[in-house]
Amino acid sequence: MAVEPDHNLIDLLGAPDPALEAVASGLSRVYPLGTTINAAGRLEIGGCDTIELAREFGTPAYIVAEDDIRARARAFRAAMAARCADFDVLFASKAFPCVAVYQLLAQEGLACDVASGGELHLALAGGFDPARIYMHGNAKSSSELAAALDAGVGQIVIDSFDEIARLVTLLDGRTQRVLVRVTPGIKPSTHDFISTGQLDSKFGMPLDVARKAIDLINATSGLELVGLHMHIGSQIFELESFRRSIQEIAKLGDFPVYDLGGGLGVAYTAADGPPSIDSYVEAKVSAANAQLGPDKRLLIEPGRSLVANSGVTLYSVESVKRNVSTYVAVDGGMSDNLRPMLYGATYEAAIADRMGPGGERCHVAGKHCESGDMIVRDVDLVDPVAGDILVTPVTGAYGHAMANNYNGVPRAPVVFCRNGDARVVVRRETFDDLIVRDVS
Ligand code: PLP
């Protein structure tokens, strides 16, 4: 575990509430704001003792510090407000699609990006004003487009000519505002699987194709083109890619609205040094002002950087084996966190009542029937034994979102913690839930 206090997050959030500042010295800065080690030597998230949380809610469980998400949402809005007269911050809800998170971010004044009919349903259930919902997707079905029109979503982000043709047949006399998704031909330095801005992409359209789509939409009654959208990828640390892509889309002409996507990377381990929210916003807005003009409505769509660091996962250690390497096997794995298996993503881990530093070099293994089901490799754990509660930080984004039932494992609950109070916002699945859809 790293021992630096959390200067980076404090810088990132400007001057946060002092109650949130205390990511205790001796604790890695990747934990949620406000995380401490209490007098009993146990990790506390949102004022709640994690050993008690595991006892009360079981494991595995996603534990979320509600105030951490709120602080980051405020930081994004403040950074935009300081630089733009006309802006919106959209929650890219694929990162953490559960009603309580939608509710929280709607309360914080964010708009919302959805990428499917299901996410639209959740966003509406979470209380988002349909006029502030943006509908994405490279393969929107007719029923998803119809649901978006019926709900009255503010804008649909057009991704293909087929979609234009399909949308027109569904308008039924209505007018729909749209953006065109452009791939600017920029490949940021992130994993290939989360790069979306390169020309050869399943998302959006390269500039020459986008030009034709723009002409077609302008000639189509019932579709009102308000601007362009781009999203070049996720978990990006270098700001230059954002600047260069804005330069590229400027070649398409002048529009009132530009949605500049998400993409800001986060620290998964203490070794990661992502840019602050403020410098990310500064890079995008200053490039937009210079390249697109100073009077534009600018939208950004953070997902990961709003929610990733707010969450940790608690597991129970089921076995400790010393087979050449030491394997600490827990009661979850690729069913609650697919990212290590999909992208080779790295995480920290610790025993929740023996946080370190030091310990024995271990691999944290999942319970699934795949050798690749390894949650964290080469991490130091202090005297791990069966029955311990093990914590992996930074599981707020794309954890619950990608959860699955491999090996018939019921999906984990989401527990919000704040000021020492814990509440379940998504309950644990039961074995009966596993057969609810089986009809034979
Ligand atoms: N916008 C779009 C269109 C996306 O596809 C994504 C994620 O893939 C995002 C925004 C959010 O990206 P991130 O989670 O990196 O902020």
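Across the interface of domain 1 and domain 2 in this predicted model, 14 residue pairs are in polar contact. On the side of domain 1 that touches domain 2, the elements giving two or more residues are α1 (7-12), β4 (61-65), α13 (339-343), β20 (414-418) and β21 (421-426). The residues of this side comprise 21 nonpolar, eight polar and five charged. Two salt bridges are counted between the domains. A salt bridge is also found between Arg70 and Glu66, with 3.3 Å between the closest N and O atoms.

The domain assignment places residues 7-66 and 308-434 of the protein chain in domain 1, and residues 67-305 in domain 2. To the contact, domain 1 contributes 34 residues and domain 2 contributes 30 residues. The centres of the two domains, taken over C-alpha atoms, lie 30 Å apart. About 2,900 Å² is buried between domain 1 and domain 2, and carbon and sulfur atoms account for 60% of this area.

Strand β4, one of the elements on the side of domain 1 that touches domain 2, runs antiparallel to β14 (residues 311-323), to which it is joined by four bridges. In this pairing, Tyr62 is opposite Thr313 of β14. Strand β14 is also joined to β19 (residues 389-393), by five bridges and again in the antiparallel sense; here Leu314 stands opposite Val391 of β19. A further antiparallel pairing, over six bridges, links β14 with β15 (residues 325-330). Val317 has Val330 in β15 as its bridge partner. One residue lies between the strands in the hairpin of β14 and β15, where Val324 adopts a positive phi near 65°.

Technical notes:
Residues are numbered from 1 along each chain as its sequence is written. This is a predicted model: local features need pLDDT of at least 70, side-chain atom pairs count only at pLDDT 80 or more; totals for chains, interfaces and linings use all residues. Side-chain values use heavy atoms; hydrogens and water are left out. Domain bounds come from an automatic or database domain assignment. Contact means heavy atoms within 4.5 Å. Buried area is the accessible area (1.4 Å probe) that two parts lose on being put together, summed over both. A salt bridge is a side-chain nitrogen of Lys or Arg within 4 Å of a carboxyl oxygen of Asp or Glu. A polar contact is a pair of N or O atoms within 3.5 Å; within protein, one must be able to donate a hydrogen and the other to accept it, and residues adjacent in sequence count only if both atoms are side-chain atoms. Ala, Val, Leu, Ile, Met, Phe, Trp, Tyr, Cys and Pro count as nonpolar, Asp, Glu, Lys and Arg as charged, and the others, Gly among them, as polar. Two strands pair if DSSP finds at least two bridges between them.
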